[in-house]
Structures are given as structure tokens and as C-alpha cells.
Amino acid sequence: MAFNDAQRFFPETRLRRMRRDDFSRRLMRETQLTVDSLIYPMFVVEGHQEREPIPSMPGIERVSIDLLVAEAKHLYKLGVPAIALFPVTPASAKSLMAEEAFNANGLAQRAVRAIKDAVPEMGVITDVALDPFTTHGQDGIIDENGYVLNDRTVEALVQQALSHAEAGADIVAPSDMMDGRIGDIREALEEESFVNTRIMAYSAKYASAYYGPFRDAVGSAANLGKADKKTYQMDPANSNEALHEVGLDLAEGADMVMIKPGMPYLDIVRRVKDEFQAPTFVYQVSGEYAMHKAAALNGWLDDNAVMQESLLCIKRAGADGILTYYAKQYAEWINR
């Protein structure tokens, strides 16, 4: 903060005066959190009237397409602008080459069509990554040593993204962290006349320990075992590297960029927003949600209070939108 000789100090200036009453606190509030900023991640399974609670994520379930559609209608009425879909692939459909990822009649593709048929105004975001479809749980196609092959994986990702666009996805979201995949996906979308299909690039996705409950939810934890994803996801120690990743993805045709996880990486969010001023999104990941919920269930924290504060902090850091498992709870709470 810069001061000059004409400015006055205490007691002439009392900053607490503006904090005294609710009305004046509201008038000078710098960051506003609304439902418009929230995206709800959802897990979809095969079957009918299927609802499977996820023990490590209290309040979150895997649901079949019919229940997913009903939920999408409810979320739309609450004002949530978009949902992000994550398919739970049966073990029988997984393979080394992840062919199910681009099956035109696959679970994710059918889910997209069902939602867009029922609630066409609801934004639908699809995850472009191979880990739900591989027998080893990695986000790509591997060689004999278990190393993820970048260019071969990108070929499969392009096919997957096109299948999602053909199904009606509004936004495809590559979360794999392969080099060059945004440019190839953008080129393929243009060639196939999907010129308005947006790309949300997971540009700064860190090799984080906060993803555990998500891997339980999509069923990739057992496949991955004790392996990790450090050869393609980013080192949590690095900050400058994130700017390089974001810059490359924007140059290749990304419409928006993602930082993941959320609260432990707010410094990255601020740097990215300041540097590029592009649409910037943050994923408040499963581990963040699980920690808050566990503490709330033990009576250690106020659930709604930490929900609001954590989301507000992400917005304050520079996020335009937030993928969060709290989206429905926040929307219902704010509507009440």
C-alpha cells in the first residue's frame, strides 16, 4: 500500500469504522461469490436407479444416467450453470489401449446426450483423460516399462474429445497433462466443424496427494496401486513451470485454463490470472472436500461456514469459476 504526505493516520483514519455494520461490510466487499461461479462434478455409473454413496466423500454419490438427468434438472433450477461428468467404467470395459474412452455409445457419451436432451441449457463439461479406461490406472498408453507415451496418448485423447463433442458436450476438458494435446484437439474440433466446442485445459495439474477420494470414486485407485503420475503431472514445488504450461495451452487454442488442486495452490491461481488475464478455473478437489466434511461431521468445523470461506478464498485469488463438490450444497443453501 502506498501512502503520501496528504494521507492521514490513526486516529483520523479508523479502518474498523467500515467493518462495524453488516451494510458497510457488504458495500465494500471486494469479492463476490455466487452460484454463477460454480461447476458440480458428478460421477456416473451403468444401470438404472443406481445410487452408490462414496464413503470417502460424504454426501457425494455415483448415479446412473436416469438419476443424473434428474439431478441435472434440479441443479439447473438452483442456478448452477454447468456440471462436469466423470464416468465410472466397469472393469470389463477397461483395456491397455483405453478404447472405451472413445466409444460413441460409451457411458460418458450416453450421459452427455441424455442431459442435453433433458436440460439443453445446462452446460456439460466432459473429462478427456484415459485413466478411467486403462487397466493400469494411468492417464495414457504405456510402454513395456510402464512409462506413459505422450504422442500415442494424444492420438487417443483426440478421438475421445471428438466423441464427446459429437455427443453434445459444450466443453471438453483434457486433464491428462500430455504435451501438445490442446493443439491437436483444437485442430480436430475445427476440422470436424465443432468450432464452438470449448476447451478447458487442465494446464497446471499437480501430482498431488489430495486426489485419493476421487480415485476411489472413479474406481482407478486399485488399478493404479502404488504407482504415481509424477512423470506427467506437475511437481508441487514448481511455480514458474505452471506459467509455461498455461501459456502453451492458451497458444494452442484453450479457451480457459485450470489449476488443480485449489486452496493449497492459490499462489499459482493469482500468478496465472495476473499474467494471462484469461478465463481461469480452479478444481477444489476431492481431498479438500473430504477434509472439510470429515471435520464438520466430527463437530470441529461449521460445514456451511468453511464451505463459503474456502470457495470465497479461491475466488479472491483470481478464479473465474470453481469445480467443487460443494456446488449443490452451496446453491441449495444460498437459495434458502
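**The cavity and its surroundings**

Reply: In this predicted model, a search of the whole structure finds one cavity of 30 Å³ or more. The largest cavity holds about 120 Å³ of space. Its lining is made up of 16 residues, and those closest to the centre are Asp131, Lys205, Phe214, Lys229 and Lys260. Two elements, strand β7 (198-205) and helix α6 (212-218), each contribute at least two residues to the lining of the largest cavity. As a general point, rolling a probe the size of a water molecule over the atoms shows where empty space is left.

Beyond residues up to four places away in sequence, Met200 touches Ile39, Ile125, Ile171, Val172, Ala173, Pro174, Met256, Met258, Phe281 and Leu323. In soluble globular proteins, nonpolar side chains tend to be buried together.

Ile39, a contact of Met200, has Ala82 in β4 as its bridge partner. Strands β1 and β4 run parallel and are joined by six bridges. Strand β4 (residues 82-87) is largely enclosed by the rest of the structure, because six of its six residues are buried. Both of its faces are covered: Ala82, Ala84 and Phe86 are buried on one side, and Ile83, Leu85 and Pro87 are buried on the other. On β5 (residues 123-128), β4 has a further parallel partner, joined to it by four bridges. Within this pairing, Leu85 stands opposite Thr126 in β5. Between the two strands, the chain passes from β4 through helix α3 (residues 107-118) to β5, and this β-α-β crossover is right-handed.

Strand β1 (residues 38-45) also pairs with strand β3 (residues 61-64), in the parallel sense and over three bridges. Here Val45 has Ser64 in β3 as its bridge partner. Strand β3 pairs with strand β2 (residues 51-53) as well, over three bridges but in the antiparallel sense. In β3, Glu61 is the residue opposite which Pro53 stands.

Leu157 lies in helix α4 (residues 150-167). Its relative accessibility is 0%, and therefore Leu157 counts as buried. Apart from neighbours within four places in sequence, Leu157 is in contact with Val128, Ala129, Leu130, Asp176, Met178, Arg181 and Ile185.

Helices α11 (303-316) and α12 (327-335) are the elements that give two or more residues to the lining of the largest pocket. The largest share, five residues, comes from α11.

Key:
Residues numbered from 1 in each chain as written. Predicted model: local features only at pLDDT ≥ 70, side-chain atom pairs only at ≥ 80, totals over all residues. Heavy atoms only, no water. Contact = heavy atoms within 4.5 Å. Pairing = 2+ DSSP bridges. Buried < 20%, exposed > 50% of the residue type's maximum accessible area, 1.4 Å probe, protein only. Right-handed = clockwise from strand over helix to strand, strands pointing away. 1 Å grid on protein atoms, 1.4 Å probe; cavity = no way out; pocket = protein on both sides within 12 Å on 5 of 7 lines; lining within 4 Å. Points joined across faces, edges and corners; volume = space filled by probe spheres on them.
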